[in-house]
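Subject: Handover of a structure and summary of findings

Dear colleague,

Please find the structure for your review below. A summary of the findings follows it.

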Amino acid sequence: GIYTRSLIVEVNGIPTPDLLAFHKLYSTFKHGQEITMKVSQLGNSKHTSLLPVRVDKKWFPEILAIRDDTKGIWKQTHNFNHDLKLTSNKESPNYSIAFFPEGSNRAERALTKSLVGVRFHVPYRIDGLPSDGYIGTGLVVDSENGFIIVDRDTVPCALGDVTLSFGSSVQIQGKVHFIHPLHNIAVVKYDPNVVSHLDIKACTFDETPMCELVNKKGWFVGLMGAEAPCGASLVSLQGTFMEAPKLKPPFPPVPRFRDTQIDPIMMRGINAKFNGVYCTEDGTVNAYVVSNPYSGRSAVTNMPVRTSFWCGLPVPIIKQILDPIKEGKNPKFRGLGVNLEYIGFLRARQLGLDEEKMKEIISNGKGSVILMVSSLWGGCAAEKLLHNGDIILEVEGVSVNDYFTCETLVK
């Protein structure tokens with residue numbers, strides 16, 4: 001983008017020597033129109049850069065004001081009423097050709113037309129957002145209706161503009177369709193007719209339970225360098241599915257979304273720091289890899305820093321919202337009204353779990369962890385029935401010791 005303290009020298013090849021010349025030219029453009037600007041920096045006016053710019057008159061309407069030197073105030077002389085319907089995807093240039101990497105293995109070839117670059121711009125920061133610009137990779141889950149899933153570290157809220165890049169060569173506008181209130185996933189919608197000639201492919205899901213995937217070989221496939229001028233690269237790594245550690249992200253310094261109730265999928269031997277998928281050799285998706293941001297501290301300065309841990313969001317959580325959306329319905333959710341966390345048998349014994357119940361859990365092969373109430377949601381019925389430190393063993397008569405089973409039974 002254009003940085004502060006930049007001088008705008010030309011717009012679409014036309015010189016703009018002063019503000020009035022820039023205003024006269026800029027007022028002829030439509031909202032959403034793609035233009036170019038030649039800019040230089042105040043400290044180095046001889047060095048110029050030519051940058052692509054998309055005109056925005058929706059969030060920031062054009063206003064002309066003249067300063068009154070006698071009073072020292074700016075007087076608005078004209079407020080422009082813009083037709084915001086204007087330049088839609090259909091009115092944008094029709095790019096008939098897009099470059100999709102062929103892929104160096106079966107997994108890459110199966111997913112090259114399912115992975116999409118996503119940019120999200122926030123005009124006004126809300127909900128404790130740390131930034132006004134986000135970049136990530138989305139996964140096409142329904143090419144007929146135009147649905148893409150992204151994580152909430154790429155599309156954190158509904159207030160903003162979504163730009164989608166197919167093959168790092170065709171760019172169209174999308175819109176936020178749905179944001180999951182509990183999990184790190186959002187759904188973006190685009191017009192499939194605009195890119196129908198690109199033969200975009202929806203991914204295929206594999207719903208094999210995590211317990212059956214452990215120690216099996218798999219692949220990570222993603223787009224690396226989505227922010228690079230030369231475009232993103234399709235990359236893949238081979239690894240082994242592993243039982244994920246029971247992670248609990250720390251509280252953020254300001255109120256901000258955290259996905260605390262997830263049993264993630266991870267792969268041994270893979271340390272990718274960008275979005276993608278965990279999949280089988282033929283490209284069937286086992287999990288969508290998401291960024292879970294949290295605030296840590298620098299090992300050098302001990303100052304707060306923003307970092308992330310990456311993990312796979314299991315397919316059942318994705319289909320939980322995707323199936324009703326495909327049917328034209330809004331996903332519905334019910335919750336216990338509590339935040340849960342995993343504890344071991346030692347902690348459970350210290351909290352009062354009796355020996356007979358512990359023997360029953362062990363004999364049933366339910367694993368070595370138990371669910372404990374860590375906090376309560378305000379305004380929910382659970383406030384009167386449960387307490388911090390309570391242990392959850394059954395829901396509706398069914399033994400539970402993982403987040404998703406508990407969530408599914410409540411729903």
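This is a predicted model: local features need pLDDT of at least 70, side-chain atom pairs count only at pLDDT 80 or more; totals for chains, interfaces and linings use all residues.

Two strands are said to pair if DSSP finds at least two bridges between them.

Strand β10, residues 161–166, and strand β11, residues 170–179, pair in the antiparallel sense over five bridges. Within this pairing, V162 stands opposite G174 in β11. The two strands form a hairpin with three residues between them, and G167 in the turn has a positive phi of about 65 degrees. Strand β11 also pairs with strand β12, residues 186–189: four bridges join the two, which run antiparallel. Here V176 stands opposite V188 in β12.

The chain as a whole

The chain has 411 residues, of which 43% count as buried. It contains eight helices and 23 strands. Taken along the principal axes, the box filled by its C-alpha atoms is roughly 85 × 55 × 50 Å. Where contacts link residues at least 6 apart in sequence, 63% of them join residues at least 24 apart. The chain exposes about 22,600 Å², and carbon and sulfur atoms supply 53% of that area. As for charge, there are 44 positive and 42 negative charges, and their mean positions are 5 Å apart.

The sheet of β1 to β4

In which order do the four strands of this open sheet lie? The order is β2-β1-β3-β4, and the pairing is antiparallel. Strands β2 (14–15) and β4 (44–54) stand at the edges with a single partner strand each, so one side of each is left without a neighbour in the sheet. Strands of a sheet pair through backbone hydrogen bonds, either parallel or antiparallel.

Strand β1, residues 6–11, is joined to β3 by five bridges, and the two run antiparallel. In this pairing L7 stands opposite S40 in β3. On the β4 side, β3 (residues 34–41) pairs with β4 in the antiparallel sense over eight bridges. Q41 stands opposite N44 in β4, and a hairpin of two residues joins β3 to β4.

The sheet of β19 to β21

A further open sheet consists of three strands in the order β19-β20-β21, again with antiparallel pairing. Its edge strands are β19 (338–344) and β21 (391–392), each of which pairs on one side only. Strand β20, residues 369–376, and β21 pair in the antiparallel sense over two bridges. The bridge partner of M372 in β21 is I391.

Is I318 buried or exposed? I318 is buried, with a relative accessible area of 0%. This residue lies in helix α4, residues 315–326. Leaving aside residues up to four places away in sequence, I318 touches I149, I185, F205, Y288 and L313. Between I318 and F274 there are 44 residues of separation in sequence and 19 Å in space, from C-alpha to C-alpha.

Cysteines

How many disulfides does a search of the whole structure find? The search finds zero disulfides. For C203, the closest cysteine sulfur is that of C279, at 10 Å, which is too far for a bond; the cut-off for a disulfide is a pair of cysteine sulfur atoms within 2.5 Å. C203 counts as buried at 10% relative accessibility. C157 likewise counts as buried, at 4% relative accessibility.

With kind regards

Terms used: Residues are numbered from 1 along each chain as its sequence is written. Side-chain values use heavy atoms; hydrogens and water are left out. Buried means under 20% relative accessible area, exposed over 50%, partly exposed in between (1.4 Å probe, protein chains only). Contact means heavy atoms within 4.5 Å. Accessible areas come from the Shrake-Rupley method with a 1.4 Å probe; for residues, only the protein chains shown count as cover. Lys and Arg count as positive and Asp and Glu as negative; His and the chain ends are not counted. The place of a charge is taken as NZ of Lys, CZ of Arg, CG of Asp or CD of Glu.
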